[in-house]
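Me: I would like to learn how to read some features of a protein model. Please take me through them one at a time.

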Amino acid sequence: MPTNAPTAAPPLPDVTTSDTTLRRFLHGLPGVDTVGLESRAAALGTRSIKTTAKAYAIDLAISMVDLTTLEGADTPGKVRALGAKAVHPDPTDRTTPSTAAVCVYPDMVASAKEAVAGSSVKVASVATAFPAGRAALPVKLADVRDAVAAGADEIDMVIDRGAFLAGKYLKVYDEITAVKQACGTSARLKVIFETGELSTYDNIRRASWLGMLAGADFIKTSTGKVAVNATPANTLLMLEAVRDFRAQTGVQVGVKPAGGIRTTKDAIKFLVLVNETVGEEWLDNHWFRFGASSLLNDLLMQRQKLATGRYSGPDYVTVD
């Protein structure tokens with residue numbers, strides 16, 4: 001299985017030697033056909049999923065959820081409850097798969113680790129002055145090191161969108177590589193682009209390649225804190241980027257759409273995108289995740305409906 005090892009040499013090293021070479025490479029990527037991209041995303045979203053396949057897709061989607069709470073009012077008790085739900089999403093049916101991870105702020109990592117101890121559930125922590133990313137690099141790196149020291153298995157960082165939009169690509173690259181180094185060998189790195197602030201599909205493609213060149217283990221659409229988050233079109237574009245990156249470098253990178261994915265129908269559309277764009281190798285929570293909070297409850301209700309023939313409703317699942 002292709003991997004993205006922390007100690008590996010950077011792929012395509014010649015393109016990251018200077019701002020000039022990096023700019024030339026990123027602006028030399030093929031332009032995005034907006035109509036074609038959106039049409040293909042829409043067409044794939046109309047695929048019909050039958051009952052047996054739907055049951056498989058629901059369990060797969062549950063196993064890919066990063067169950068998330070990123071609020072100022074988060075408490076250790078709330079995080080422990082969320083962790084318990086991640087381990088056993090439906091306490092009445094232990095055949096329900098666990099979620100992939102619980103995603104919290106750095107100061108909540110220890111509580112999350114306690115809650116998921118002994119399970120397969122990972123603890124992810126946002127860092128680097130999430131969600132705006134407006135802090136000096138030493139502050140961002142301290143944020144990462146604190147989370148890793150507390151036991152975070154994964155770090156979700158935000159890029160400096162201001163630097164990226166100003167064309168300071170090497171600054172963004174250097175920041176990602178520094179964060180990757182701060183993750184050490186124990187934490188995988190997800191790089192968040194905040195696609196809703198990048199304005200164009202061409203910028204999303206450039207950001208995807210920039211993140212992968214800098215060592216991202218995952219590229220992630222959004223923080224969930226802006227008006228436009230994950231969409232089928234921007235996720236399709238990022239899936240195409242990881243496919244092409246692996247073809248060129250041999251390095252496999254994951255994708256995480258986050259924000260705005262609330263229903264089982266939405267999740268299945270994204271799984272179809274994955275299957276049709278990058279194939280079955282990415283249909284695993286090591287390579288694909290959903291950043292979500294409310295999505296899990298809808299998946300559980302739809303799972304119960306398939307099992308019992310009845311739609312139980314939101315009163316039968318825990319409120320996050």
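**Reading the features**

Reply: Let's start with the largest pocket: α4 (76–87) and β8 (290–292) each contribute at least two residues to its lining. Helices (H or I, at least four residues) and strands (E, at least two) are DSSP runs, numbered from the N terminus. This is a predicted model, where local features need pLDDT of at least 70 and side-chain atom pairs count only at pLDDT 80 or more, while totals for chains, interfaces and linings use all residues. Residues are numbered from 1 along each chain as its sequence is written, and side-chain values use heavy atoms, with hydrogens and water left out.

Me: How many residues line the largest pocket, and which are the closest to its centre?

Reply: Rolling a probe the size of a water molecule over the atoms shows where empty space is left. Here a pocket is an open set of points on a 1 Å grid over the protein atoms alone, where a 1.4 Å probe fits, with protein on both sides within 12 Å along at least five of seven lines; lining residues have an atom within 4 Å of a point. The largest pocket holds about 480 Å³ of space (the space filled by probe spheres set on the points, which are joined across faces, edges and corners). Its lining has 26 residues, and Thr68, Gly224, Gly259, Ala292 and Ser293 are the closest to its centre. By type, eight are nonpolar, eleven polar and seven charged (Ala, Val, Leu, Ile, Met, Phe, Trp, Tyr, Cys and Pro count as nonpolar, Asp, Glu, Lys and Arg as charged, the others, Gly among them, as polar).

Me: At roughly what angle do the axes of α3 and α11 cross?

Reply: Axes are lines fitted to C-alpha atoms, for helices over the stretch in contact, and angles between N-to-C directions run from 0 to 180 degrees. The axes of α3 (residues 51–63) and α11 (residues 264–277) come within 10 Å and cross at roughly 90 degrees. These helices are therefore roughly perpendicular (65 to 115 degrees). On the α3 side, the contact (heavy atoms within 4.5 Å) includes Lys54 and Ala57, and on the α11 side Thr264 and Leu271.

Me: Is Cys103 buried or exposed?

Reply: Buried means under 20% relative accessible area. Cys103, in strand β2 (residues 101–104), is buried at 1% relative accessibility. Its C-alpha atom is 6.5 Å from that of Thr69, 34 residues away along the chain. Arg303, in helix α12 (residues 295–308), is also buried, with a relative accessible area of 16%.

Definitions and conventions: Angles under 35 degrees count as roughly parallel, over 145 as roughly antiparallel, 65 to 115 as roughly perpendicular and the rest as oblique. Buried means under 20% relative accessible area, exposed over 50%, partly exposed in between (1.4 Å probe, protein chains only).
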